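Subject: A structure for you to look at

Hello,

Here is the structure I promised to pass on to you. Please open it next to this email and follow along as you read.

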Amino acid sequence: MNGGMETASAAALTELRQVGILDCLILVVDDTDFNRTLITAMLRQAGFRRIEHAVDGIDALRKIDHEMPDLVILDIVMPGLDGFEVCRRLRAEERYADLPVLVQTALSNTEDRNKAFQLGTTDLITKPIDRNELLARVRIHLENRMLIQDLQLYRTRLENELAMAREMYGHLLPTAAIFDQIGRDSGVRIRHHRAVSSELGGDIWGVIPLPGGRFGLYLLDMTGTGVSAALNAFRMHTVLHELAPLASYPSRFLTEANARAVGLFESDERAAMIYGVVDPTAGTFSYTTASARRPILVRRGAATAILGEADGAPVGHAAESVYRTRTLTFGPGTMLLLYNNAVLAALPGDGGRAAERTLADLAVPALQAPGPDEACDRMVEALARAVGDRPGQDMTLVLLAKDACTFPWAER
């Protein structure tokens, strides 16, 4: 049944395009009055309603500049500015790149025909003009023109929607005021780095202030890309902040978030997530994971980084999933890195534990820099060198530093 509906839809679309092309503007360029009249008669007999004329190349360029036609039927051999030069000048301008140009010519020389195509001719019509050939070529190139315009319109609309979605993402992220509050209450400085890809991703992160200078921090990474991943990320942002009363208890927080996600996601949709609570008084980071990557902890002066543990079923997989809490010591002079799956996928290797170790190795020398500003600069630069300028997916890296210092990272 679906096949029949698709066939009917395709037939209806074809019919609409057939009707639409009859209202397309066609410019006939020929220095001979008889040829212009003959071509116009053939087109009008076929139902085309909008036909303009140009008597030479100069006249053609002037009229095209005044009103863009949908198709040009162009004679090659004309006095003054011939068809070759008209083609060359049209293709030299970006706005005429997709304008169909059908060249009518009696030239049988292969070199001349090749020259016509090299200069941007869309197709050739042989003189003397055959009515059936003319109409067939006009129709197919007008249909192609309409298809290209539809695709360009769709692309423009999609780019605008993606830009709007990215702007909405910006409003979901923690504000500078929250960073300042966390810094005053806990002595922990939070900065983040985001490398944006050409595709819309579904990763979000945020903080939840808690009593006693503590705070919770989550990083959620939806599988896949595109509108559905972004919408699910927005939904989960709402869910996570509704669960603020449970934010002091990582396992309960993530367990409840997962249970709600099962009701929100489609059957094949999942998310990786890490949620942890920083307690500056106890000097700990207590966290739980759902198919997320291992947190990386680096102590100043240490030769190697400490990688935490990570397990747990993906968020949205099963409502009965339960998550366990683990703890890392997070005291003064330490730096904690949280990151989404795209960071590891962009690093050399298979994106698994070897890539985690690579990222950890990048972090160790960064923290050993003379000052915190240089330490952060080195981390960003090292990551950029390792992954290149344009990742395949949005990359998110969140840094927490237990020091009375600031880190000059800015979202990129």
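**Where to be careful**

Where pLDDT is low, the predicted coordinates should not be read in detail. For the protein chain, the mean pLDDT is 85, and 87% of the residues reach 70 or more.

This is a predicted model, so local features need pLDDT of at least 70 and side-chain atom pairs count only at pLDDT 80 or more, while totals for chains, interfaces and linings use all residues. Residues are numbered from 1 along each chain as its sequence is written, and side-chain values use heavy atoms, with hydrogens and water left out.

**The chain as a whole**

The protein chain has 12 helices and 15 strands. These are DSSP runs numbered from the N terminus: helices are H or I with at least four residues, strands are E with at least two. Of the 412 residues in the protein chain, 49% are buried; buried means under 20% relative accessible area, exposed over 50%, and partly exposed in between (1.4 Å probe, protein chains only). Among contacts between residues at least 6 apart in sequence, 70% join residues at least 24 apart.

The accessible surface of the protein chain is about 19,500 Å², and 53% of this belongs to carbon and sulfur atoms. Such areas come from the Shrake-Rupley method with a 1.4 Å probe, and for residues only the protein chains shown count as cover.

Look at β1 (residues 25–29) and β3 (residues 71–75), which run parallel and are joined by four bridges. V28 has I73 in β3 as its bridge partner.

Another open sheet of five strands has the order β7-β8-β9-β10-β13, and here the pairing is antiparallel. Its edges are β7 (203–209) and β13 (326–329); each has a single partner strand, so one side of each is left without a neighbour in the sheet. On average, neighbouring strands of this sheet are turned by 20° against each other, direction ignored. For such angles, axes are lines fitted to C-alpha atoms, for helices over the stretch in contact, and the values run from 0 to 180 degrees between N-to-C directions.

Inside this sheet, seven bridges join β9 (residues 271–279) to β10 (residues 284–290), and the two run antiparallel. The bridge partner of G276 in β10 is Y287. Helix α8 (residues 227–242) packs on the sheet and touches β7, β8 (215–222) and β9, with its direction at about 160° to that of β8. Helix α9 (residues 250–264) lies across β7, β9 and β10 and runs at about 25° to β10.

T396 is in strand β15 (residues 395–402). Is T396 buried or exposed? T396 counts as buried, because its relative accessibility is 2%. Its side chain makes a polar contact with the side chain of D203 at 2.3 Å. A polar contact is a pair of N or O atoms within 3.5 Å; within protein, one must be able to donate a hydrogen and the other to accept it, and residues adjacent in sequence count only if both atoms are side-chain atoms. Leaving aside neighbours within four places in sequence, T396 is in contact with residues including H193, W205 and Y339.

T334 is in strand β14 (residues 334–339) and is buried, with a relative accessible area of 3%. The side chain of T334 reaches the backbone oxygen of G331 at 2.5 Å. Beyond four places in sequence, its contacts include L297, R299 and L400.

**Two backbone details**

Most residues other than glycine have a negative phi, and most peptide bonds are trans. K127 and P128 are joined by a cis peptide bond, with omega about -5°; P128 is in the loop between β5 and α6 (131–172). S291 has a positive phi, near 55°, and lies in the loop between β10 and β11 (296–299).

Enjoy exploring!

Key:
Contact = heavy atoms within 4.5 Å. Pairing = 2+ DSSP bridges. pLDDT = per-residue confidence, 0-100.
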